[in-house]
Amino acid sequence: MSTISPQYDVRREDLLFCAHPALDRWSDRVNPLLIKEINQQLKSRLFLMIYLLFVLLVWGSSLYMLMMQPQTDQPDFEAGDLLFSLLYKITIFPLCFAIPLGIHQRMRDEFHMHTIEMLTITTLSSGRIFRGKLMCGLLQSGLFLFASLPFLVFCYLLKGIGIVEILTVVAGTVFTLLCFYQVTILYSALSRTRIWEYLSRMSLVFFSTILYFALFFSADAVVLGGISSIYYLVGVLVANTPLYFSMLIFLDAAHEQFKPLRLMRPPFRVRINGEGKVIFLPRLLYQEVPEEYRDPSSNPVKSNQAASKSLAKAT
Amino acid sequence: MSSTELDKSRATSSASTVGAPTDSASPATAINGHPNPGIDAAGTTPERKPMIEVRHLHRFFGKLKAVNNVSFTAYPGQVVGFIGPNGSGKTTTMRILATLDLPTAGDAFVNGYSVIDDPDKVRHAVGFMPDAFGRYPNMDVVEYLDFFARAYGLRGQKRLDALDRVLIFTELRKMAHKPINTLSKGMSQRLGLGRVLIHDPPVLILDEPAAGLDPRARVELRELIAVLSTELGKTILISSHILTELGEICDSAVIIEAGQVLASGTIKDINDKHLKDLADSKNILFITRVLNGQAEALATWLLEQPFVLDANVASELVRFRFEGDVHAQHDLLKRMINSKFEIIEFQRKAETLEDAFMAITKGIVQ
Ligand SMILES: Nc1ncnc2c1ncn2[C@@H]1O[C@H](COP(=O)(O)OP(=O)(O)OP(=O)(O)O)[C@@H](O)[C@H]1O
Ligand SMILES: [Mg+2]
């Protein structure tokens, strides 16, 4: 892909998403960041390797379980729940670790390489940038789920687990990941100094571990422990409360980061004010404005403008 | 004319205007000398409205005044050099113009829109090329440009046309499938320029685009910039500390140091003013060339003459500083010849833009 002959000229077919008019039209409607990410992902060796390894593992464990079955001659042998539990643990591993860490890394790179600045001065809104990043994370987890879903459903054929339970667990997992990735993006955007980046990465690993085991045990409770799907779903909604809450906390602070005004030294834009209240710093510039410019009437420029505006009104 | 336009034109009259014979010390009078100021006292529609207008821009970082009351204006098709030593506030000003930063006080307008109040509209009108831009991994040239075309909201055929246009203009077609993190400096500068041009903005802000380029790449860049301004009518603000280079690209310049504008106007004006100042200062460097190893003797002789400040010898050349007026100069030369020195050259050292820059800036470090 990198070697080109000197006579090479670009043709439209050379761009993946322009190759076919229908694909081109579709790609126009999609978040540009997602298109970019797909292009990049297809060339990333690391991602392809992790993905291949994952597919092999899923295949291997399914085959292993299948081979176990005929050796037991109990007529009512049910291996579906066991296989599901095993596959689920394999599947959520990359979803809980590889993808959030990837999000964190890419976010960090965006700030270090100042590419986020180039993004923010395009006509993309910070909301779209954020959603693009989120979609990239979801797309990746979709790929992992896509690879293991046939096997998860296959568990149904091995008996011991109902289709409703399978779908419930998958839905609960996807919902939790959706919340977790949003928080991850916001959280990754917060840290500005290297030490904070390091700390936030470490804490992300910690949170990922908690998430992994929470998902792991709650799914086992449904599949092996026989807890009803409704309880599971309610449990998921309630257990995600800290995530909604942190989303709210980080949202404003991280939103500022997408408009990369590098004005502040402290690593976070969230501060406790004199009265002990948590405040998010909005447009930080006025923090640093010297006294004489804070009062508009004493600011020569603003007062000039005010004067000319009133003049213009009068005429 | 709407009241806002009126308002704008009033405010403009207090800013110094690039390209006009202005005096930065008294900005209020600046507009009068402009051949086409774009402002009409009678209130009729201006012929040319400024594309970039910086009004009393301040940007402080704590106590550091990175930009301290900078005002200038650039009209369509102008290439304005933004010249200043390291740390003078060029990048800070440009980042404000590109809506990447906000001013502490003052305002800047691009295509008539305020960077504070209408950043989105400014973004449509501006292409900003930073001094160093990050490159995404696992991405090739055409994908990079395609991504930014999408990010600027270009769709379908428009996007493909923009890609073609930019690839042809920057001559990056042959490199279309080269991964961007393997590009040479010259090529990545082209790519940066390509990215800036993808949404075809009327205003380009280029932060030290020539830094790190070899002479050939520099000449090519200069040609691209010339085409952009003359044929495509783009307004270009280009920063550099390599002055001689800007002298060839730009029609006018703003010289900035320690956040303050020291001089602004056409390159010729700046140079002429500097020469005039020099003439007034009566402290001129002369170079004489003498034959037959008389240089040492001439230097000794010169030091005994009135108005000569110092003299030093370099093979057959003698350089000396002289603070007399033209009559004194004439006298000196006459005496020199009468003293039987075999002079074959007597000239005032040519003042280059570089000298003007050195004379105007004082090497202030904040
Ligand atoms: N984010 C920031 N925080 C604090 N100080 C800053 C920041 N950005 C710039 N400065 C300071 O503002 C001053 C002007 O910087 P700026 O980058 O605008 O200079 P410049 O003219 O572009 O210099 P150069 O030729 O080296 O690129 C410098 O003293 C710099 O240290
Ligand atoms: Mg700079």
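## Contacts and overall make-up of chain A

A contact here means heavy atoms within 4.5 Å. In this predicted model, 75% of the contacts in chain A between residues at least 6 apart in sequence join residues at least 24 apart. Chain A holds 14 helices and 2 strands, taken as DSSP runs numbered from the N terminus (helices are H or I with at least four residues, strands E with at least two).

Of the 315 residues in chain A, 45% are buried, where buried means under 20% relative accessible area, exposed over 50%, and partly exposed in between (1.4 Å probe, protein chains only).

## Helix H1 of chain A

In helix H1 (residues 21–29) of chain A, the buried residues are A:Asp24, A:Ser27 and A:Asp28. They lie on the same side of H1(A), because they cover an arc of only 105° around the axis, the arc being that of the directions from the helix axis to the C-beta atoms. A:Arg25 and A:Arg29 are exposed on the other side of H1(A).

The buried residues of H1(A) pack against helix H2 (32–41) of chain A, and also against helix H4 (141–151) and helix H5 (156–169) of chain B.

A:Leu157 lies in helix H7 of chain A and is exposed, with a relative accessible area of 60%.

## Basis of the values

Residues are numbered from 1 along each chain as its sequence is written, and chains are lettered from A and ligands numbered from 1 in the order in which they are written. Local features need pLDDT of at least 70, side-chain atom pairs count only at pLDDT 80 or more, and totals for chains, interfaces and linings use all residues, while side-chain values use heavy atoms, with hydrogens and water left out.
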